[in-house]
Protein chains: 2
Amino acid sequence: MRTRMSRHDQPSFIPDFVPGEVLDNWAVSKVVVSGHPDFKPGDLLCLVTGWEEYSLINNTTLCRKIKHSEFPPSYYTGVLGVPGITAHAGLFEVAKAKKDEYVFVSAASGAVGQIVGQLAKLTGCYVVGSAGSDHKVNLLKTKFGFDDAFNYKKELDLDAALQRCFPEGIDVYFENVGGAMLEAVLRNMRPYGRIAVCGQVSQYNLRRPDVSPDLFLLVGKRLRMEGFLVGDVEEMVAYLNEGKVVYVEDVAEGIEAAPAALVGLFSGRNVGKQVVALARE
Amino acid sequence: MRTRMSRHDQPSFIPDFVPGEVLDNWAVSKVVVSGHPDFKPGDLLCLVTGWEEYSLINNTTLCRKIKHSEFPPSYYTGVLGVPGITAHAGLFEVAKAKKDEYVFVSAASGAVGQIVGQLAKLTGCYVVGSAGSDHKVNLLKTKFGFDDAFNYKKELDLDAALQRCFPEGIDVYFENVGGAMLEAVLRNMRPYGRIAVCGQVSQYNLRRPDVSPDLFLLVGKRLRMEGFLVGDVEEMVAYLNEGKVVYVEDVAEGIEAAPAALVGLFSGRNVGKQVVALARE
């Protein structure tokens, strides 16, 4: 939601919101009335729709019926939706993480990060995450099975923290934060390392980047840094059913709670995917 | 040579020089005396050797005999050596430039840039280069066949210059300079663009980067940015013989001229590959 508000004066390829129009994004809705033969009252749909209790859907191109009713519908805004696929695509298609590699994930307890870490562990990587509270760091080590984790707000020197966790350096960095963390990670990458750039949450509220990473390190270490966006694909169901992947979300109740939930993302108030429940049965 | 002097406090994977020891790098030498069956007096070799008139070579692993005596030996420090292969690998293996794409090259009249531009033209790309003098810009448009070129020192606004040359944006950026140019290029890249990071000459004499490019643009545009270093391979001979590629170098005479030649690279005094002739027949 934040990146679709205008930011800097720069062109964006993600469509910006139009002030005065209803905000939209990925959501789960239940069909109440339908004139479309494929969708019947009671069906749960995963779709892009407005932040409103009732929506009129004229274009069903992006509507997907929810098949696995064993999971909470909100999972389709997270581990079974765009964030889950983002984790998978970034780790495997972009960063090409392989068994025995050293993987670092920032914002690791977030919607995407918690999945990245678990998928990397299932692949046989050594995985370390950073997060912004001791509670989150504890979650990473216990619930999500990371090999190690640290609270970046308590580290005086991010370089030292990374060297402690990765004495041999980092092969894959799943980048969610930007700024000082990215700068330190670049210095700790191993030759031929890959950085999947998923987000840079530390930068979204700045007019200009606050840190200048040394990009010449890309040359000497022959690093690849690649940004990506994903559409929507289904997987992950088997992992959830087998208990190989666990998922944590943070649900705010009602549209009145939405602004505070959004702002809270930038102070790290949430734990896991921030969901807003606009309507309940 | 410059990047092998220590820079910042950061680890480098290119070996730094050891003060007091003879500097070395790629050179062309003629064999005077040899106890090795493969190398005879009079043979010209392309190898890594000291900046000295006579060298004792104990390890011939990196020695390659020069086969094409139709070219000046110095070409093996340039278009037929590491810079030529760097241009080829960066453009095709890293950036994967294809016919009809929009290619931008910075430091375009330099040892690598002039080859990149010509190879891109041979591939059917639209190619624009930047350089630091009107003389160099003229060379790019006339001798090297670039579609367009501009003198970055005369442009008040690099964004405007890039928009003028690339109204539809840039698919491939061959990055030699870093800093403000990279910052502006990122804003002008097309979705799925590729940046081959070869060098960042504007940054080598700075303790910290002077500009913070907006790396979040990598995400929205799904850009790939990749650093690389190449070893040594032969090609390009046919292109030179057929006149499809031309080559310009700048020769300084004698080891006494070497320091000024190195410093001159940072003011852009040279045109094309800076070579130092330590000994002549």
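Helices (H or I, at least four residues) and strands (E, at least two) are DSSP runs, numbered from the N terminus. This is a predicted model, in which local features need pLDDT of at least 70, side-chain atom pairs count only at pLDDT 80 or more, and totals for chains, interfaces and linings use all residues. Residues are numbered from 1 along each chain as its sequence is written.

Chain B can be laid on chain A by a turn of 180° and a shift of 0.0 Å along the axis, with an RMSD of 0.0 Å, the copies being superposed by least squares on the C-alpha atoms of residues with pLDDT of at least 70 in both. That is the relation of a two-fold axis. In chain B, B:Ser212 comes closest to the rotation axis, its C-alpha lying at 2.2 Å.

The largest nonpolar core has 56 residues, and B:Met225 is among those with the most contacts inside it. Such a core is a set of buried Ala, Val, Leu, Ile, Met, Phe, Trp, Tyr and Cys residues joined through side-chain atoms within 4.5 Å. Buried means under 20% relative accessible area, exposed over 50%, and partly exposed in between (1.4 Å probe, protein chains only). B:Met225 touches residues of chain A, including A:Leu215 and A:Met225, where contact means heavy atoms within 4.5 Å. B:Leu182, also touched by B:Met225, is one of the buried residues of H5(B).

| Element or residue | Value |
|---|---|
| Helix H5 (residues 179–188) of chain B | nine of its 10 residues buried |
| A:Tyr54 | exposed, relative accessible area 67% |

A:Tyr54 is found in the loop between strand S2 (44–50) and strand S3 (64–65) of chain A.

Conventions. Chains are lettered from A and ligands numbered from 1 in the order in which they are written. Side-chain values use heavy atoms; hydrogens and water are left out. Lists of a residue's contacts leave out its neighbours within four places in sequence.
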